[in-house]
Amino acid sequence: MALTSSSRQVVESSDKKLISKAAVLDGVEGKFNIVEFEVPEPKEGEFILRTEYAGVCGTDVHIYHGHLDTIEYPIVLGHEFCGIIEKLGSEKLYDSNGVAVKKGDRVVIVPGASCGECYYCQIAKTPTRCTNTKAYGFLPNKDPYLLSGGFSQYVHIKNKNTAFFKTDLDPEIAVLTEPLSICIHGFQRAGGVRFGSTVLVQGTGAIGLGAIAFAKRSGAAKVIAVGGPKRRLELAQKMGADIVIDIEEVRDPEERIKLVKAETKGGRGPDMVVECAGFPGALPEGLTYLSDSGEYVELGHFTDVGSVEMNPHWHILRKNANIRGVWGSDVEHMQMTLSILENMELPYEELISHKLPLNRIEDAIRSMSQKGYTLDGQEQVIKIAIDPWKDFE
Ligand SMILES: [Zn+2]
Ligand SMILES: [Zn+2]
């Protein structure tokens, strides 16, 4: 329940009640209003998380523009988040690895909580397709929905079957667990990365950079990145890309296809192409790169941004293409991703290029919707993390 100014004073004078500022999006392309809420007391099995960071995702950008049909407004977004346990509702609580947690522990939350009872949960074993998913930060989640997303100082962790993991990682790396888990799910659906193969990644945002890092560490001999702008391509190289192709420099898709083919044995194209760009036009281009019997992994279109013309003969049948789609990621993918991040083999923290306060979410979204991914007209954004405790700018 939102507090009125008079009731807020009463609450602030009591030292037991916590107050949380949250950024409430009021509608499609609306305003993120900063609202203060009273934080409820957690019940048995629940806890209150003090948010440290919540990543701004391409999906948030699309939700802002109304591209995801399941969203109901007003809503507090922010499905990629980590923080510190502030209050526990039970004396004993264990994370999804079976590790006991206490007040003060850092945890990463799996944003989707599947029901465990529907066809997808019990028979198909694809819980990300659960028909009764409760979620933090992106699905209608009333009762009360308002402290259920990471763009808030506190989050009420209360959905049945919520999975979470304790970690000692720095929060700027822990916050990447959810977006990077998408890559792990994608590789899993494609049967893994073959040792010695060539993998091409389309798009060099956070998911693309994760796909590059994980493909290389899974045994790919050569990783090619097609993306931009410059700052992202430099990081792509640090993450393991052997070849980078800047779409700003090579604007013609036909030219890019030639360059890609020339980088593969016999000009046959990469064994796997991972689409992380989120532009419909990336699909026919990426399927044209792909080798015969190759794997095409689609990770870029978590919202409906339109259709694209394809040629089933040339793009799919003529080359025995295997096309894999993934819908989000599940607890196991989050667990695997966190284990990889905890090894700290790469400078994953560099993926977070900016940390902004709650009142700048709209700027963050704008920076990701415009050409060149610039913030304040200058700096190139890789991934923005919202720090809900940072002073307003
Ligand atoms: Zn996301
Ligand atoms: Zn279910």
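Helix 8 (residues 253–262) and helix 9 (residues 282–289) pack with their axes 9 Å apart and at an angle of about 30°, and they are therefore roughly parallel to each other, a term that covers angles under 35 degrees. The axes are lines fitted to C-alpha atoms over the stretch in contact, with angles running from 0 to 180 degrees between N-to-C directions, and the helices themselves are DSSP runs (H or I, at least four residues), as strands are (E, at least two), numbered from the N terminus. In this predicted model, local features need pLDDT of at least 70 and side-chain atom pairs count only at pLDDT 80 or more, while totals for chains, interfaces and linings use all residues. Residues are numbered from 1 along each chain as its sequence is written, ligands are numbered from 1 and chains lettered from A in the order in which they are written, and side-chain values use heavy atoms, without hydrogens and water.

Where helix 8 contacts helix 9 (heavy atoms within 4.5 Å), P253, R256, I257, V260 and K261 meet E285, T288 and Y289.

Helix 5 (residues 177–189) and helix 11 (residues 331–342) instead cross at roughly 110°, their axes coming within 8 Å, and are therefore roughly perpendicular to each other, the term for 65 to 115 degrees.

Because C57 lies in the loop between strand 3 (47–55) and helix 2 (58–64) and E80 in strand 4 (residues 80–88), the pair ties together parts that are 23 residues apart in sequence.

Notes:
Angles under 35 degrees count as roughly parallel, over 145 as roughly antiparallel, 65 to 115 as roughly perpendicular and the rest as oblique.
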